[in-house]
Amino acid sequence: MTVKFLTPFDCTDPTATDSTDTVTVTDNGDVCFIDGAGDDALLIFYPGARVEYTSYCALFKKLAERGVDCCIVRMPLNMAFLGTNKASGIIADSTYGKIYIGGHSHGGVSASAFASKHPDALEGILFLASYPTSDLSKTSLRALTLIGGLDGVVPLEAIDKRAANAPAESELVIIEGGNHAQFGTYGAQPADNDAAISADVQREKAAEAIAAFILSEE
C-alpha cells in the first residue's frame with residue numbers, strides 16, 4: 001500500500017521543459033522557472049500529490065506567454081505538504097513586484113498553509129481544483145479558484161465546504177467540460193471523470209483566467 005501511495009504520476013509530455021520562441025524554461029531539478037515577456041508578476045506553484053512537477057509546464061508556458069512568469073516547485077516525494085515552506089527561498093531571491101502562490105489539488109492546500117503564515121509576502125493565491133484548509137479569511141489576499149466542471153477528484157461541493165477559509169476577495173471560475181487531471185500532463189487520474197473538452201483547450205482557458213486574475217491588478 002505504501003509503495004502505491006508514493007508512486008508518482010509521471011509527466012507524459014516529452015517537450016515539457018523545452019523552451020519556445022517566446023518562453024524560456026529553466027529546470028534545475030528543484031524548481032522549473034518559466035520566463036515569458038512579463039517582468040513584474042510571478043506565480044509560485046505547488047504540484048498536486050504524487051504529480052511530477054514538470055507536468056504543469058504546458059499550462060504555465062501558456063501563462064508566461066500572457067505575461068505571468070512561474071516557478072513550479074519540485075516537492076519531496078512529490079508531496080507538497082513535505083515542502084510547504086519552499087516558497088520562502090524563492091520569495092527571498094525574487095525581484096518581482098508582485099508574487100502569487102498557488103497549487104493544484106493537495107498542492108493548493110499546502111499553498112494555503114504557506115499563505116496563512118506569510119500573507120504580507122504575497123498578493124494572492126490560486127487554487128487549481130483545490131481549496132484552503134488554513135484560514136485566509138482575515139488576510140487581504142486575493143484568491144482565484146479554478147475547477148473543471150467534470151472534476152471527479154475535487155468536486156465543487158468540496159470547495160464550497162471550505163468557503164469560510166477563503167479570503168474576502170475570492171473568485172470562482174468553472175471550466176465547463178474540464179476535469180481534474182487535464183490541468184497537467186500526467187495522464188488519467190483515478191476517480192476523475194472523462195473530460196468533454198481537450199486538455200489543450202482546458203489549459204488555454206485556465207491560462208486565460210489566471211492571467212486575467214493576476215494582471216488585472218497591474
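View 1. Ala-191 belongs to the loop between β8 (169-175) and α6, and its phi is positive, about 80 degrees, although it is not a glycine. Most residues other than glycine have a negative phi. The model shown is predicted, so local features need pLDDT of at least 70 and side-chain atom pairs count only at pLDDT 80 or more, whereas totals for chains, interfaces and linings use all residues. Residues are numbered from 1 along each chain as its sequence is written, and side-chain values use heavy atoms, leaving out hydrogens and water.

**View 2. Ser-105, a buried residue with a positive phi.** Ser-105, in the loop between β5 (98-104) and α4 (106-117), has a positive phi of about 55 degrees without being a glycine. Its relative accessible area is 10%, and Ser-105 is therefore buried.

**View 3. Phe-45 and its surroundings.** Leaving aside neighbours within four places in sequence, Phe-45 is in contact (heavy atoms within 4.5 Å) with residues including Tyr-56, Phe-60, Ile-72, His-104 and Leu-128.

**View 4. Phe-81 in its loop.** Phe-81 lies in the loop between β4 (69-73) and α3 (87-93), where helices (H or I, at least four residues) and strands (E, at least two) are DSSP runs numbered from the N terminus. With a relative accessible area of 54%, Phe-81 is exposed.

Terms used. Buried < 20%, exposed > 50% of the residue type's maximum accessible area, 1.4 Å probe, protein only.
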